[in-house]
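Subject: Structure handover

Hello,

Here is the structure for your files. My notes on what was found in it come after.

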Amino acid sequence: MTDLAAVKAALKTQAVETPSWAYGNSGTRFKVFAQAGVPRDPWEKLQDAAKVHEFTGVAPTVALHIPWDKVEDYAALAKYAEERGLRLGAINSNTFQDDDYRLGSICHPDAAVRRKALDHLLECVDIMDATGSADLKLWFADGTNYPGQDDVRARQDRLAEGLAEVYERLGEGQRMLLEYKLFEPAFYATDVPDWGTAYAHCLKLGPKAQVVVDTGHHAPGTNIEFIVATLLREGRLGGFDFNSRFYADDDLMVGAADPFQLFRIMYEVVRGGGFAAEAGIAFMLDQCHNIEAKIPAIIRSVMNVQEATAKALLVDRTALAQAQAAGDVLGAHGVLMDAYNTDVRALLREVRGEMGVDPEPIAAYALSGWAERTAAERVGGQQAGWGA
């Protein structure tokens, strides 16, 4: 039998990092629909993030994206976050929006472009120093569109050389988290297309380099929980970017497309010890909210992660191990399904109440008047986000 007190205690320690860019206007490659009250700068993004943490109790950190969140004084921004009950989390780099990066960034055939990209990554480490952030998150749009466009092996050499320079700059307690993506925007070959490529580079770099699993960055049918289990087993799972997709990298709310998959992933996290604080796994949302209201969507996403985690914690691992050892295929599957089919909403309402958080976060947010207040106050200036 599962110890409910232990499950509740574990859920109270959960922490989900929210991304600053999810509070701004975001969408598809074709259109971004602006919304009233959207933040105009990083300071207002932190105000909104504080509301998510206030109503969920488990979203204490906010990831930044440079240069989207560039400010003059990062220490002041960190203090501003702290005053609102937050901390600044991963620093995300951007080597994909400048015209110079048309043929790549740190994999580019031109040394001058590679130098520009590396200087930006090193600047991001400086920002980590100023904010107290522990994680440098790297995702590269680098790749090629046509066979023969560039030397695939040479691009891997350039990638390795650039990563090594950034790795050497990391300080005590800092990590490099390398993300992979199957495709987009490169059509022929992406330079970091899968977990194996990311893992190989991290393994060569050293223990401060770990892999990020974005749940939307895989081919259809990929067993993501197997990847999670393998990386955990090797001590190289640095964190998650949680989102959902139906077709490709849709960046929908986590758990929206396949909640059973999210449960399976979280079970492997629990099974592999990744839910413990000492494991250092960063659980971050990476989503864009184009047609839905920003803050309620982020709150719902956090709740979806909580529900999947609660179900994963409810798996009777003793019964599961016994069924597995006995070769009881249906019995073992049944143990997992019993946990997945459990309605954990009442349990999570109890947990929130014991944490001093409203048991119904979305309803409480709606009654708070924050959306109406920001819509009235955030008038003028330029809303954060990207145009399309």
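To start with a helix pair: A319, L320, A323 and Q324 in α10 meet G331, A332 and V335 in α11. By class, 5 residues of this contact between α10 and α11 are nonpolar, 2 are polar and none is charged. Please keep in mind that this is a predicted model.

The geometry of that pair is as follows. Helix α10 covers residues 317-325 and helix α11 covers residues 329-340, and their axes come within 7 Å and cross at roughly 160 degrees. Angles over 145 degrees count as roughly antiparallel, and α10 and α11 are therefore roughly antiparallel to each other. The crossing of α10 and α11 is left-handed.

Helix α3 (residues 74-83) and helix α4 (residues 111-131) have axes that come within 8 Å and cross at roughly 45 degrees. The two helices, α3 and α4, are therefore oblique to each other. Here α3 passes α4 in a right-handed crossing. On the α3 side the residues are Y74, A75 and A78, and they meet I127, A130 and T131 in α4. The contact of α3 with α4 has 5 nonpolar residues, 1 polar residue and no charged ones.

In soluble globular proteins, nonpolar side chains tend to be buried together. In this model the largest nonpolar core has 101 residues, and those with the most contacts inside it are I106, L163, F240 and F242. Helix α9 (residues 294-313) supplies the largest share of this core, 10 residues.

What does L163 touch, leaving out residues up to four places away in sequence? Its contacts on that count are I106, L138, F140, M176, L178, H201 and L205. One of these, I106, is also among the core residues with the most contacts.

The peptide bond from I66 to P67 is cis, with omega near 15 degrees. P67 sits in the loop between β2 (61-65) and α3, the helix that crosses α4. The bond from E184 to P185 is also cis, with omega near 10 degrees. P185 belongs to the loop between β6 (175-179) and β7 (189-190).

E184 lies in that loop between β6 and β7 as well. E184 is not a glycine, yet has a positive phi of about 75 degrees. Is E184 buried or exposed? With a relative accessibility of 18%, E184 counts as buried, because buried means under 20%.

D251 is another non-glycine residue with a positive phi, in this case about 55 degrees. D251 is found in the loop between β9 (237-242) and α8. At 15% relative accessibility, D251 counts as buried.

The last item is A279, in the loop between α8 (259-271) and β10 (282-285). A279 has a relative accessible area of 31% and is partly exposed. Leaving out residues up to four places away in sequence, A279 touches G273 and G274. How far apart are A279 and D110 in space, C-alpha to C-alpha? The distance is 39 Å, and the two residues are 169 residues apart in sequence.

Regards

Definitions and conventions:
Residues are numbered from 1 along each chain as its sequence is written. This is a predicted model: local features need pLDDT of at least 70, side-chain atom pairs count only at pLDDT 80 or more; totals for chains, interfaces and linings use all residues. Side-chain values use heavy atoms; hydrogens and water are left out. Axes are lines fitted to C-alpha atoms, for helices over the stretch in contact, and angles run from 0 to 180 degrees between N-to-C directions. Helices (H or I, at least four residues) and strands (E, at least two) are DSSP runs, numbered from the N terminus. Angles under 35 degrees count as roughly parallel, over 145 as roughly antiparallel, 65 to 115 as roughly perpendicular and the rest as oblique. A crossing is left-handed if the near helix is turned anticlockwise from the far one by less than a right angle, and right-handed if clockwise. Contact means heavy atoms within 4.5 Å. Ala, Val, Leu, Ile, Met, Phe, Trp, Tyr, Cys and Pro count as nonpolar, Asp, Glu, Lys and Arg as charged, and the others, Gly among them, as polar. A nonpolar core is a set of buried Ala, Val, Leu, Ile, Met, Phe, Trp, Tyr and Cys residues joined through side-chain atoms within 4.5 Å. Buried means under 20% relative accessible area, exposed over 50%, partly exposed in between (1.4 Å probe, protein chains only).
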